[in-house]
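Keep the viewer open as you read.

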Amino acid sequence: MSSSILSQSKRSTSQVMRLVSLALIPGIIAEIYFVGWGVLINLVLCSVYAISAEALVLKLRKRPIKATISDNSAMLTGLLIALALPPVIPWWMSLVGVWFAIIIAKQLYGGLGFNPFNPAMVGYVLLLISFPVEMTAWLPNREIATQLPSFIDSLQLIFTGSAGGLNLQDYRILADGYTMATPLDESKTAFSQGLMSSEIIQDAHFSTNIHGWMMINLSFMLGGIFLLAKRLIHWQIPVTMLFSIYFISSFLNLIDDQLFLPGWVHLVSGASMLGAFFIATDPVTASTTRKGRIIYGALVGFFVIIIRSFGGYPDAIAFSVLLLNIAVPTIDHYTKPKVYGSTNQGLDKNER
Amino acid sequence: MIKETDIIELSKYSIKGGIHPQEFKLLSNRSPIKELPLSKKLILPFQSDNELVGAKKIILGDSVQYGQELLATRPSSLVPRSLSPCNAEVSEFGFSQFGHLSTIPEPSITLLSKDDDRPTVFTPITDWKNTKPEVLLERVKQAGIVGLGGAVFPTAIKLMKHKKTFSDSPIETLIINAMECEPYITCDDCLTKEYADEILQGALMTAHITGASNILFGFEDNKVEAITILADSIKNLVQEYEDLSTPLVSIKITVTPTKYPSGGEKQLIELLTGKQVPQKQYPASIGLVVQNIATIFSIYQAVYLGTPLTHRLVTITGDCVEQPANYWIAFGTPINHIITSLSIDKTNLKKITLGGPMMGPQTTDFNIPTSAAVNCIIFNRESKVIAQSNDVAFQSHQPCIRCSECETACPASLLPQQLYWFSQSEQWLEAERYSLFDCIECGACSFVCPSEIPLVEYYRFAKLQIKQANIKQQKSDIAKLRFENRERRFARIKLERDEKRKKTAAARKQAAEDKKSDPEGKKSAIEAALARVKKKEDNANP
């Protein structure tokens with residue numbers, strides 16, 4: 001004897017994961033366009049790494065391999081790491097990052113649903129701490145670069161470290177001899193050289209550079225809006241996180257507009273949109289209560305700005321998300337919703 | 001669309017959560033009510049709450065009359081009275097499955113029906129308006145009336161309890177539940193369409209018993225025809241009372257949007273009154289009593305016609321049934337009989353659902369009999385319903401990704417994803433802290449779960465474990481208390497004995513010493529004499 005639940009045509013977990021991956025497409029296209037073919041190669045490599053790592057552990061754990069792989073969660077983790085990596089990072093580095101994410105951060109905790117930390121961000125942070133130079137070696141975007149490596153060049157760079165006699169550093173140098181990075185990286189360096197916020201923004205390189213990153217971020221936001229419309233993610237985390245990023249950075253900018261970048265720069269640079277819609281919203285590791293998600297999103301945004309403004313790393317989505325992952329059980333504990341009948345509103349005043 | 005009138009009003013309140021499953025109600029609610037021919041074999045529960053009271057009145061081979069009590073129960077029993085649905089012969093005492101989720105067989109009695117003559121069992125109370133509520137209540141009890149919404153709680157106790165235990169908060173409103181929010185089920189809908197006047201009489205009787213001054217019918221807006229018919233009946237009734245210038249309680253129909261589980265008692269109360277029943281309390285504590293509309297009809301039958309509750313309206317539906325409809329079916333009718341008499345196609349039939357597809361149990365056992373709890377039987381081809389494994393240790397579903405769909409669907413504002421986490425990891429204390437026992441087991445969470453986790457099964461399992469642990473704890477607490485009391489008693493006895501021994505020893509010692517210092521008692525004799533003299537002197541010179 002078993003109880004019955006009417007079945008309905010609803011989205012399964014694997015469909016959810018697939019739709020989230022599809023929602024990445026606008027961002028992926030923009031990133032490939034502005035940053036180069038390396039992004040696409042990384043996406044393919046990382047998905048393959050992720051699925052192979054998952055299959056390996058499932059085999060060791062004697063769990064159904066095909067059924068589990070088809071939940072698409074491993075692939076999504078691979079895609080997210082790939083999008084966070086610089087475009088021509090050596091193939092073995094992404095391998096280390098993805099395998100660490102899947103094997104250590106996900107499967108060793110018990111697989112999908114049991115991991116307290118966002119696996120993609122664990123993998124990314126491992127790489128960032130271990131290989132800080134390579135991990136911040138972004139190519140200048142299309143609008144500013146002297147030359148973007150072709151598809152074949154990117155392949156060669158990833159697998160051999162050089163293409164046509166040029167190495168990664170050659171590609172990073174602009175026509176006027178500058179070495180380019182991401183806008184956040186660039187501003188970090190500029191601030192350390194004593195430059196003012198207004199000088200940085202007015203700099204021709206910076207403004208061209210940020211335009212590309214703005215387009216990438218807006219493309220990810222487009223995908224995020226699709227997720228919201230399809231009700232695949234809840235609105236609380238992205239909205240509060242973006243608000244928090246904007247208001248806290250604007251507040252700092254208001255205090256001293258020469259030491260801190262204005263809010264809009266923070267919103268459209270780095271992994272702000274990718275983080276807000278695709279990373280912080282990972283339901284497994286985020287807060288699960290309605291109020292909790294608001295607090296979670298707001299605090300992720302808060303730490304993003306704090307670390308970006310005062311920390312040693314240019315971007316901070318990964319660190320903030322991991323920090324808040326630790327806080328999730330506490331947040332959930334204190335944000336339980338009011339259960340039916342617990343407010344005593346049914347009673348008159350004198351009965352209470 | 002339903003228009004508001006002075007009788008019909010649209011609900012101003014809403015409930016949290018809820019889902020909109022496909023309804024499948026049109027299958028069965030367009031045919032008139034029919035009567036299923038009596039089965040040769042009837043299987044009825046034979047369980048008493050008290051072995052002493054429930055001594056067997058009948059033996060094998062006895063003839064029983066329609067409406068005869070098969071097994072005595074205590075007056076306050078929570079077990080419904082077991083009455084014979086026809087003239088029959090007792091053919092077997094044994095154990096049978098009754099379609100409960102726990103598959104433990106329960107004591108049963110098997111009857112072989114002789115004929116379907118149904119003479120009046122109780123004297124009809126036609127002048128019920130001038131009859132004391134206690135008398136009507138006794139009739140409700142006699143007729144074996146139980147809640148027909150699915151919980152089968154004895155109605156007399158529900159009505160009585162409110163009067164006695166909660167005398168300080170009188171019942172103001174009688175809410176009649178005609179929501180029927182589960183898919184497929186249409187028995188209350190069809191009952192209202194065909195017996196609106198009788199239901200109204202039943203409602204007035206119940207209001208008379210409880211002393212309620214308001215009657216509120218709750219309907220979902222998908223039952224337009226039933227609402228219209230009932231509203232017309234109310235209009236006529238009001239007119240009739242006005243013509244006779246007799247006072248009448250206020251009768252209203254509240255219509256709510258169709259949403260599952262609006263028909264849950266607590267949800268219905270919130271939809272109709274905007275109030276919530278406080279945790280761990282009954283509706284009576286806020287002056288309400290809720291009865292299912294079919295129960296109200298059987299109260300009418302018991303009081304006005306003197307009929308016991310031995311049959312109920314059952315929706316027979318599903319895509320294996322050629323003519324889905326509602327049938328009057330005697331309690332104890334095995335499903336096999338329904339299949340043969342309605343010539344239901346058995347070739348594609350894999351599983352049947354007893355009750356609604358959201359909460360009802362599923363079975364393949366066609367010997368299971370109908371009862372007061374079975375308001376619907378769905379004969380479907382397999383695909384319509386997810387088979388939910390009863391064995392929660394076997395995790396055949398996908399993992400929970402905490403997507404919170406269940407939280408959105410939960411009508412009790414719980415966190416089903418957290419309850420699941422604590423239930424599967426056996427953290428009972430945490431599960432209780434997250435209000436596990438406020439779960440009404442409606443299944444809305446399981447319905448929306450993308451990983452198809454049988455969440456309600458986990459909660460039932462957790463509840464059972466906690467209840468069992470509590471019973472164990474209580475027992476050990478009692479044992480501990482007894483042991484401590486015994487120890488204390490022994491210590492006290494020992495102390496008293498020691499005290500006594502000390503006292504006698506001291507007295508003996510004193511006596512011995514007295515004897516030593518004053519061997520012949522001269523000293524005390526002189527003292528006594530002196531005292532006497534002193535007293536005399538005092539008396540002489542006041």
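In chain B, strand 13 (residues 311-317) runs antiparallel to strand 14 and is joined to strand 14 by six bridges. Here a strand is a DSSP run of E of at least two residues, a helix is a run of H or I of at least four, and both are numbered from the N terminus; two strands pair if DSSP finds at least two bridges between them. Within this pairing, His311(B) has Ala330(B) of strand 14 as its bridge partner. Strand 14 of chain B also pairs with strand 2 (residues 34-35) of chain B, this time in the parallel sense, over two bridges. There, Glu35(B) stands opposite Trp328(B).

A word on conventions: this is a predicted model, in which local features need pLDDT of at least 70 and side-chain atom pairs count only at pLDDT 80 or more, while totals for chains, interfaces and linings use all residues. Residues are numbered from 1 along each chain as its sequence is written, chains are lettered from A and ligands numbered from 1 in the order in which they are written, and side-chain values use heavy atoms, leaving out hydrogens and water.

How enclosed is strand 14 of chain B? Six of the six residues in strand 14 (residues 325-330) are buried, so the strand is largely enclosed by the rest of the structure. (Buried means under 20% relative accessible area, exposed over 50%, and partly exposed in between, with a 1.4 Å probe and protein chains only.) One side of the strand carries Ala325(B), Tyr327(B) and Ile329(B), and the other carries Asn326(B), Trp328(B) and Ala330(B), all of them buried.

Rings of Phe, Tyr and Trp (its six-membered ring) pair if their centres lie within 6.5 Å; planes under 30 degrees apart count as stacked, over 60 as edge-to-face and the rest as tilted. Over all chains, the whole structure holds 22 aromatic pairs. In one of them, the ring centres of Tyr33(A) and Phe34(A) are 4.8 Å apart with planes at 90°, so this pair is edge-to-face. Tyr33(A) is partly exposed at 44% relative accessibility, whereas Phe34(A) is buried at 6%.
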